Amino acid sequence: MIILTYLLYLLAAVLFILGLKLLSSPKTAQRGNMFGAMGMLLAVVVTLADQRILDFTYILAGLLFGGLIGVVMAKKVEMTSMPQMVGLLNGFGGGASALVAYSEYVRLGEGVSLASLDVMVTLVLSLLIGSLTLLGSLIASAKLHGMMRSAPILYPMQKQINALILLGILVLGGFFIADPGLWYFPIIIVALSVVLGVTSVIPIGGADMPVVISLMNSYSGLAGAMTGFVLSNNVLIIAGTLVGTSGLILTNIMCKAMNRSLANVLFAGVGADYKKEDQVKEERRVVRYTPEDAAFILESAQSVIIVPGYGLAVAQAQHVLQELARILTERGANVRYAIHPVAGRMPGHMNVLLAEANVPYDLLVEMDQINDDFQNTDVALIIGANDVVNPAARTKKESPLYGMPILNVDYARTIMVVKRSMSAGFAGEGNELFYDKKTMMVFGDAKAVVTNLVGLLKG
Amino acid sequence: MSETLLVSIYIFVLATFVGIEVISKVPPLLHTPLMSGSNAISGITLVGSLIAAGEGHGGLSVILGTIAVVMATVNVVGGFLVTDRMLGMFKKDTKGKKELNAS
């Protein structure tokens with residue numbers, strides 16, 4: 001029986017790996033996700049057959065209640081709110097891991113002094129990472145959801161205090177490992193980790209939350225893996241580790257796309273000081289164009305690259321934008337979308353937002369693939385994006401954007417920018433692009449302007 | 001160091017390499033579904049919480065276990081379903097049929 005259980009757990013782990021592997025192509029991705037779900041179902045069923053389980057009442061209640069919440073969340077959530085949703089789920093996963101680790105300690109009870117060193121070490125790590133993930137994710141989600149001020153909250157000695165809390169946790173953990181009988185130590189460790197979860201995320205600005213969410217994704221996996229060590233359960237270790245690496249890879253990609261180090265994102269409090277000098281700068285004039293002018297240019301364009309930013313989604317203009325793209329395509333133009341890695345509020349977010357608006361995914365092109373094409377493009381149409389097309393990233397050494405890879409929209413023959421106002425992007429850096437001779441600024445709400453364009457081009 | 005721990009460390013290290021290998025092949029196009037889907041997989045901690053909630057020892061262990069079951073189930077069910085919903089939106093450009101897909 002035990003051997004069968006382990007073999008079936010192994011099968012579940014294989015399904016997880018195959019499922020992630022199938023995510024490498026949009027054609028097979030949905031099947032891959034199904035594989036993952038099947039692996040999970042298998043693991044749960046195998047576990048329920050475990051002889052150690054004597055009472056199913058609480059289990060069923062928990063499964064039904066949790067399942068119901070999960071279904072409602074998954075059905076109701078708006079695609080724009082996906083980062084918060086993933087954040088919350090990360091937090092729950094991390095919290096569950098910490099709880100399991102702790103209840104294992106409670107279960108060991110009297111026998112705890114016999115618990116081996118490795119169980120104790122991983123128990124402490126699981127408590128630490130799990131609780132930190134729970135609270136950190138809740139704060140990140142609250143910031144993304146606008147329930148909390150998204151600007152960094154800074155106070156003196158912040159880093160030092162956080163370091164001190166972490167040190168405190170580790171020291172307490174050390175004592176606890178040495179004497180597992182100190183039953184109140186885990187509670188203090190959890191309490192401190194919860195505090196650290198809050199204090200380590202509040203100094204991070206809203207624009208950097210995608211990195212935090214990715215990092216929390218990694219932590220939730222790691223917490224699972226640590227709990228796997230505590231329970232000597234290999235499927236937990238495998239699944240947790242896979243998720244841990246996945247989150248880490250995504251974190252790394254996001255940092256690279258912003259040309260920032262992880263340390264800089266976590267500790268620098270970027271976004272706190274919107275540079276005042278920019279606001280008192282000389283008033284330069286940009287040339288304003290009307291949607292009629294824009295439609296006239298688009299009418300004769302052979303090739304158009306659309307650069308969508310999060311502002312597009314805020315204005316709910318994805319659907320009408322795709323309508324515009326369709327009309328232009330029918331007129332014989334080659335229309336594609338250029339997706340910057342940090343477009344949206346989490347890795348790959350913009351792709352989901354456009355897919356929801358029925359944009360075929362083969363028209364969504366990554367930055368590296370499309371950047372050389374701008375020079376042969378008639379119109380680069382920028383909607384709701386700012387920092388990712390700011391040439392200051394190439395040239396202006398003192399800019400916070402300097403070194404960030406950007407979309408080469410300024411190489412296109414005409415640059416069309418649809419924007420509400422002249423305000424700076426998240427980074428607080430003014431955009432030289434708007435003053436370019438090739439640039440047509442069309443001011444207004446993205447949805448209104450694009451709807452207008454659609455009407456003009458149809459007629 | 002016990003043998004079990006040693007085996008676990010082996011698995012941990014090898015799984016890291018498998019993870020890096022598999023995840024780096026996922027295109028940026030699918031990074032959001034990757035996050036939500038892998039997130040659901042990390043809900044595997046459900047397995048541990050089931051045992052904690054069902055052992056019938058009563059008291060604290062069961063209460064904590066049950067809370068853990070709820071949290072992990074939200075994670076698993078919510079994660080897989082929302083990933084499925086998202087992936088269902090990704091469609092290829094099939095020229096003429098495109099309009100049919102438009103809801």
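**Interface and sheet**

Author: Between chain A and chain B of this predicted model, 15 residue pairs, both at pLDDT 80 or more, are in polar contact (a pair of N or O atoms within 3.5 Å; within protein, one must be able to donate a hydrogen and the other to accept it, and residues adjacent in sequence count only if both atoms are side-chain atoms). Salt bridges across the interface number 0 (a side-chain nitrogen of Lys or Arg within 4 Å of a carboxyl oxygen of Asp or Glu). On the side of chain A that touches chain B, helix 4 (residues 82–108) supplies the largest share, 16 residues. That side of chain A divides into 59 nonpolar, 30 polar and 13 charged residues (Ala, Val, Leu, Ile, Met, Phe, Trp, Tyr, Cys and Pro are nonpolar, Asp, Glu, Lys and Arg charged, and the others, Gly among them, polar). Chain A gives 102 residues to the contact and chain B 84 (heavy atoms within 4.5 Å). About 8,000 Å² is buried between the two chains, 76% of it on carbon and sulfur atoms (accessible area, 1.4 Å probe, lost on being put together, summed over both).

Chain A also holds an open sheet of 6 strands in the order 3-2-1-4-5-6, paired in parallel (strands pair if DSSP finds at least two bridges between them; helices, H or I of at least four residues, and strands, E of at least two, are DSSP runs numbered from the N terminus). Strand 3 (364–366) and strand 6 (439–443) of chain A each have a single partner strand, so one side of each lacks a neighbour in the sheet.

Residues are numbered from 1 along each chain as written, with chains lettered from A and ligands numbered from 1 in written order. Local features need pLDDT of at least 70 and side-chain atom pairs 80 or more, while totals for chains, interfaces and linings use all residues; side-chain values use heavy atoms, without hydrogens and water.
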